[in-house]
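Please look over the sequence and the structure before reading on.

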Amino acid sequence: MATCLLYNQIQNRRSRFYRIELALNLFSEVSVLREWGIAGSNGQSTINIYDNLREASLAADKHRNRMLKRGYARG
């Protein structure tokens, strides 16, 4: 559905990534998939499930804004 990919590049450190994706699942719920880690690695992930697109979108926006404040930039 929608994907937001953010990068954080700190001098003398490996680049990091943060990915947020909204998707419908088989039960007509909306999943928010979040993945993060060091570029070139598998990283970590988590999935949160919401009853409707509005709740999921608000949660995804909250996570995206938090990462932008931490220095990540859109890729």
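## A buried arginine

Arg 34 is buried but has no salt bridge; Glu 35, the nearest side chain of opposite charge, is 11 Å away. The model is predicted. Arg 34 belongs to strand β3.

Its side chain does have a polar partner: Arg 34 makes a polar contact with the side chain of Tyr 18 at 3.1 Å. Leaving aside neighbours within four places in sequence, the residues in contact with Arg 34 include Arg 19, Ile 20, Gln 44, His 63 and Arg 66.

## Salt bridges

The count of salt bridges is three. Arg 19, Glu 21 and Glu 35 are linked in a network. In one of its pairs, Arg 19 and Glu 21 have their closest N and O atoms 2.3 Å apart. In another, Glu 35 and Arg 19 meet at 2.7 Å, N to O. Because Glu 35 lies in strand β3 and Arg 19 in strand β2, this pair ties together parts that are 16 residues apart in sequence. Arg 19 counts as partly exposed because its relative accessibility is 24%, and Glu 35 counts as partly exposed, also at 24%.

Asp 61 and Arg 64 form a salt bridge at 3.1 Å, N to O. These two are three residues apart in helix α1, so about one helical turn separates them. Asp 61 is partly exposed, with a relative accessible area of 28%.

## The nonpolar core

The largest nonpolar core has 10 residues, among them Leu 6, Tyr 18, Ile 20, Val 32, Ala 60 and Tyr 72. The elements giving two or more residues to this core are β2 (16-24), β3 (30-38) and α1 (53-69).

Notes: Residues numbered from 1 in each chain as written. Predicted model: local features only at pLDDT ≥ 70, side-chain atom pairs only at ≥ 80, totals over all residues. Heavy atoms only, no water. Core = buried A, V, L, I, M, F, W, Y, C linked by side-chain atoms within 4.5 Å. Buried < 20%, exposed > 50% of the residue type's maximum accessible area, 1.4 Å probe, protein only. Helix = DSSP H or I, 4+ residues; strand = E, 2+ residues; numbered from the N terminus. Lys, Arg positive; Asp, Glu negative; His and termini not counted. Salt bridge = Lys/Arg side-chain N within 4 Å of Asp/Glu carboxyl O. Polar contact = N/O pair within 3.5 Å; in protein donor to acceptor, adjacent residues only side chain to side chain. Contact = heavy atoms within 4.5 Å.
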